[in-house]
Amino acid sequence: MLIIISSESKFKPDGGYVIYNVDGQNYKEELIPASLLNPKLDFKYLNPLQTVFYKFYESGSSLIATPTSSGKTVCALHFIQSHKGFKVYTTPTKALANEVYKFFKKVFSNVDLRTGDVIEEAYEMTSDIVVCTYESLVLSLRNKGWGYYADAIVVDEIHFVFTNRGTILEEIVAFMKNRVDILGLSATLPRYKDISDWLSAKLVIKSNFRPVPIIKTNENLEI
């Protein structure tokens, strides 16, 4: 299923609506209260992207292709809550891993972090959720460590497969595909269909809505 979210959707702290297209048919719906997803969230309403993912995701692998700062991490929260067992959220950088880890710590009681630092590896994995870098996950897969036992995985910035980091992502997906559900999170890109086919995604969401609008500046401004 391919769902395209319109740029005409509206989002404010006190509500709004989402306009989306499924199989050529347009729909308009009110945004969903965030408490329905998780009562620990500190905002009132899910935004258009989060509302659509909450409404339509049930199981299987999925891909979200949407502009930066669209709230993809909250979609990952729903994906993680929809699966039992051990879940992995992997990112390309330590900075992003730490950012996601801090967000999840506000929602889940116990989350582990693995970014390749020696001090982290000294501690036993005690949680059913781990946030990690690509390299840390691949190392654990090669050695049949904690990543080997994942029951679901979120791959953030999955469009990195088209960069010089592509081989490491290919190794992750090749190992995980057809074994566990994968949620791929991507910036908007023209080849999202290639990634969705690669993941065998049952649900694909492409969003043209930007919660944070682009601010145009005067290119002729003199400094």
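Ala, Val, Leu, Ile, Met, Phe, Trp, Tyr, Cys and Pro count here as nonpolar, Asp, Glu, Lys and Arg as charged, and the others, Gly among them, as polar. By that scheme the lining of the largest pocket has 12 nonpolar, nine polar and four charged residues.

This is a predicted model, in which local features need pLDDT of at least 70, side-chain atom pairs count only at pLDDT 80 or more, and totals for chains, interfaces and linings use all residues. Residues are numbered from 1 along each chain as its sequence is written, and side-chain values use heavy atoms, with hydrogens and water left out.

Start with confidence. The mean pLDDT (the predictor's confidence in each residue, from 0 to 100) is 88 for the protein. Of its residues, 91% reach 70 or more. Residues 215-223 stay under 50. Where pLDDT is low, the predicted coordinates should not be read in detail.

Now return to the pocket. A pocket is found on a 1 Å grid over the protein atoms alone, as an open set of points where a 1.4 Å probe fits, with protein on both sides within 12 Å along at least five of seven lines; lining residues have an atom within 4 Å of a point. The largest pocket has a volume of about 550 Å³, where volume is the space filled by probe spheres set on the points, and points are joined across faces, edges and corners. It is lined by 25 residues. Closest to its centre are Ser-69, Ser-70, Gly-71, Lys-72 and Thr-73. Helices (H or I, at least four residues) and strands (E, at least two) are DSSP runs, numbered from the N terminus. Helix 2, helix 3 (94-107) and strand 10 (181-186) each give two or more residues to the lining. Helix 3 gives the most, with four.

Next, the interior. Buried means under 20% relative accessible area, exposed over 50%, and partly exposed in between (1.4 Å probe, protein chains only). A nonpolar core is a set of buried Ala, Val, Leu, Ile, Met, Phe, Trp, Tyr and Cys residues joined through side-chain atoms within 4.5 Å. The largest core holds 40 residues, of which Phe-53, Phe-104 and Ile-205 touch the most other members. Its largest share, six residues, comes from helix 2 (residues 72-81). A second, separate core of 30 residues includes Val-138, Ala-150, Met-176 and Val-180.

Phe-104 is worth a look. Beyond its neighbours within four places in sequence, Phe-104 contacts Thr-73, Leu-77, Ile-80, Tyr-89, Val-111, Ile-129 and Val-131. His-78 sits in helix 2. His-78 counts as buried because its relative accessible area is 10%. Leaving out residues up to four places away, His-78 touches Leu-37, Phe-53, Tyr-54 and Tyr-57.

Helix 5 comes next. Its buried residues include Tyr-134, Ser-136, Leu-137, Val-138, Ser-140 and Leu-141. Lys-144 lies in the loop between helix 5 (134-142) and strand 9 (152-155). Its phi is near 50°, a positive value in a residue other than glycine. Most residues other than glycine have a negative phi. Lys-144 counts as exposed, because its relative accessibility is 54%.

Glu-157 also has a positive phi, near 55°. Glu-157 lies in the loop between strand 9 and helix 6 (166-176). At 22% relative accessibility, Glu-157 is partly exposed. Asn-164 is placed in the loop between strand 9 and helix 6. Asn-164 counts as exposed, at 72%.

Definitions and conventions. Contact means heavy atoms within 4.5 Å.
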